Amino acid sequence: MPRATDGAQSLTVLAAFLASASGAWAAGPSVGEAPAGVKFRPYQTHSHVELPSDPQVEYSVEKIEKDGKIVALKLIVKNLAEVPVEAPRLPGAADARTESVRVTKTRGTDGEDVVYEFVLTKDAVRSGVEYFDYRTKSPSSIQLDYWLHAAAGGAEGAPAAAKADAGIALAKPDKSPAKLSKRGKSAPKITASHPSHAKSTTTTATAEKSALTGVRSDADDSFPGCGTPLRKGQDVFARFKVWHRPYDYRGFFKLEMPDAGYAYPYTAAQAEKSEKAPARPKELAHYRLAHKLYREQQYALALRTIDFFGKNYPKSKLAREVEFLKANTLIQLSKFLKTDRFRDQAGETFRRFLIEDSGSAKSRSVLAYYLQLYMDGGLPVRALEYAMMGAEAKGYSKEELTPWIFRLAQAETLYGVGEHDRAERAYQAVVDADNALTPDAAFRIGEVYQARKLWERAAITYERAMKRYPKETSRFPTALFNLAECYFRLDRDADAKKTFAEFVGRFPLEQATWGARLRLAELEQLGLAAPASAQHQRVERLYEDVVNSRPYSPGAFLAQIRMAQCHRATQNDTKYDFFMNFFKARDLKKAESEILEPFEVEMAMDLAESRFFLQGERFEQAFKHVNAFREKYSKLPVAEPFKKVFARAAVGLVEELVREGKGAEALKVSSFYGDIVPKPEPFGYMLALAMAAFNEGNLEAVSARITVLKGLLANASAGEKDEFHLLNARFLRLTSGSAEAVIGELGLIRGDGPLSALKLDELAQATAAKNGKNGAKEDSNASVREAEAFDFQLIRGDLYKKLPLERQVAVHVRHIDSVSRLGRHSDVVKYADQALLKFGAYTQFAKELFRLRELRAQALYDSGEDKAAIEALAELIEADPANLRRSQFEFERGRSLVRIGKGSEALETFRKLSQSASDDVWRKSAKAELDQLQWEGKISNQTTDDRRSNQ
């Protein structure tokens, strides 16, 4: 960790040295002032803490570790005249790295001490934190900056602002392409890529986790991101349905109205051309008036005139013409008023014409109008009737194409309603006719096979049509797109990739281009042979191109689903906020398309979200869609990827809870999600459950699981073997197994593995347990020496720092106790002073700290350092007046007073103790010492008197 080095920062250097060497702060007699409170400023790259203070105020910064990871940072400020913070927590002090700030204060020798404990978030603990503290010159202030470790995807090194304030030279950034690529600093069109994904490496470093202690041997930086291969059957794909584009019937018939091509007879315009009207003059006049009002768009007046005509001339020979005119007027009025009411009335009239007057010009015009109306409106069920009637209608010449248009429409409507067999025959009839519509039918017949999932026949049909009608292919982009999807379904990925690329090149503006671009990106990821971090940026850029080329298309939404699986739910990730909001919004409407199945999009979204959280080791959030899996997905062919995600999440959650000491919760999770865990159960999962049962005191369950685990131990990893032996050793010790058996089990744990510290700790405990069991003094001393050697190895190599804080304290207490038993009094004093310096600030270990002071005082007394012993024993008496050993402390203090010649003080001490000691032994001992001192006093006085008499 870098440190400031100028003269004004000498106190900082001293504090840093003491903190790194012994874990304690430097204390001094000076009293400083803090005129303003601590300021906490969260930045995107780092967290900044500033505490204005007097230059004489001493401070130190410590890291608090648990299971080998930094879980909090402590800023300790000594002997303040005024504590600037009164609240138990610093309000608003939280960011991506900081969960909360706890503030505690105590009374020091010359003022008050204040401790700011910056508790890190789970993600920060997992990633690792670096920190830097310094003191500014003018105005004087204590400052602390901390940031996520660069290797975990955080800021690379200390933030520039912190370095500049501390007077550290800033290195010039390396802007070479190789460096930028390695650091992931390329600028894709959406956002920057995850730095950890851009590392060019083909090796996979596996993280070695401990289900019992949470120890990792290495950081897991091998996540390949978009370099993770996709696999059909193991990943969910939003499969494209048949892209069908109907024939342009409106373009063929060009009918705005059923009477658009019909010439009404006997109107004023037709008077000269028509023969004598088959009606009386009054009938003809009203007929012509109604027609005139219709042409002038006075539809209401036209209807009144038509109704008058029908009421007064019901048997007129012009009645059929007037009825046809009325139906068309109703349609025009429906358009004008934007209502379906009049359209439905017109439809009833037209239907009678089709039945009663089939084959006439009017009925043929009605058929054409309604066919184009319903086909363009995407209503194949309603269009089918008109298509079939038009295909059988008479009155057309042999050369006329209109009947075949109706036959093509019949085929399309049958396809639209799912009558694929009949649709195939209808299309084939048009193909066999060998007319201008044959290419349309030839290209579309492949869609029928594709809809029936006959991928091979569909592909052959598309290929044959393209070969037979090469010039017509440009009119059918749907065929090229559908052919590519058929190849994809047939696992002919190379052909699919080539055909989708051809589609994008030939039809860049087509609406389905997003689908081809998306599939090309997926095919690129499918083509990866093995996970490769070096491929992450290349594949992710393809997905980003889909988003940037069609930002509001369904393809953009699906590409973002794919990209989400290339990232992890950690705040180190530059796209963390984007994907968190993406899953929170869950706007599935953005993926609505005629070629997508909504259910498959929802399924892909659920899987992506579950994987996103699983990859970030947010196991509980990864279970968000487990009920959807159980209810909807578990019996589908795509159930396997969901099973894998939830199985890994179940295992991870159980192991995480056990690492956090939440055994009861781990067992509950196992009971609820146990059916999802793969069978046979993973060794680490069973080991975690065994530890959970051990922590909950269910020794019967532990015994049963240990028996099973022994049979599987040969295939376990080295880390899992270590954890098993540790658990078994603890189990044996708890169930009264022999110390030799416990030590033998512990001996199987690797000495250089992540559990090496725990191994030495447990060995020391087990060896100490042998003390005195055989009764021989030499055996007892040998056990003590062996236990002391294990503890010394822990402390000398700083291995103890890998243990939880409470175990660190226990190791030091046990070690000093062993040294005391061996009679090495000077070492006891030295080691106790070091331990008190390291842990003296942790008031939660009051019992252990008192024991350290007790051993120190006893060693001083036993070694004859009476002045120091008197002071140490007095501190013990003052610290805990109700201690059961107070009488002993008082007695030993009295003896020390005697040895340094303070007989009067000793006499008073023994007098009080002989009267007030609760323990009969010490009361009698004090009385004996008192008698001895009094006798010696009498002898001394008598000798003095004799001398005076002789003189």
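Predicted model: local features only at pLDDT ≥ 70, side-chain atom pairs only at ≥ 80, totals over all residues.
**View 1. Helix 36 packed with helix 37.** Two packed helices are described by the angle between their axes and the distance between the axes. Helix 36, which covers residues 866-879, and helix 37, which covers residues 886-899, pack at an angle of about 155°, and their axes are 9 Å apart. Because angles over 145 degrees count as roughly antiparallel, helix 36 and helix 37 are described as roughly antiparallel to each other. The crossing of helix 36 with helix 37 is left-handed. On the side of helix 36, the residues that meet helix 37 are D866, A869, I870, L873, A874, L876 and I877, while helix 37 contributes R886, F889, E890, E892, R893, S896, L897 and R899. Sorted by class, this contact has eight nonpolar, six charged and one polar residues.

**View 2. Helix 6 and the helices it packs against.** Helix 6 runs over residues 281-295, and its 15 residues reach 21 Å from the first C-alpha to the last, close to the 21 Å expected at 1.5 Å a residue. Within helix 6, the residues E283, L284, Y287, A290, H291, L293 and Y294 are buried, and the buried residues of this helix pack against helix 7 (299-312) and helix 8 (319-337). Just after helix 6, Q297 takes a positive phi of about 65°.

View 3. A729 lies in helix 29, which spans residues 718-734, and it counts as buried because its relative accessibility is 1%. Leaving aside neighbours within four places in sequence, A729 is in contact with V742, E745 and L746. Although A729 and L746 are 17 residues apart along the chain, their C-alpha atoms are separated by 6.2 Å.

Conventions:
Residues numbered from 1 in each chain as written. Heavy atoms only, no water. Axes fitted to C-alpha atoms, helices over the stretch in contact; angles between N-to-C directions. Helix = DSSP H or I, 4+ residues; strand = E, 2+ residues; numbered from the N terminus. Parallel < 35°, antiparallel > 145°, perpendicular 65-115°, else oblique. Left-handed = near helix turned anticlockwise from the far one by under 90°. Contact = heavy atoms within 4.5 Å. Nonpolar A, V, L, I, M, F, W, Y, C, P; charged D, E, K, R; others polar. Expected span 1.5 Å × (residues − 1). Buried < 20%, exposed > 50% of the residue type's maximum accessible area, 1.4 Å probe, protein only.
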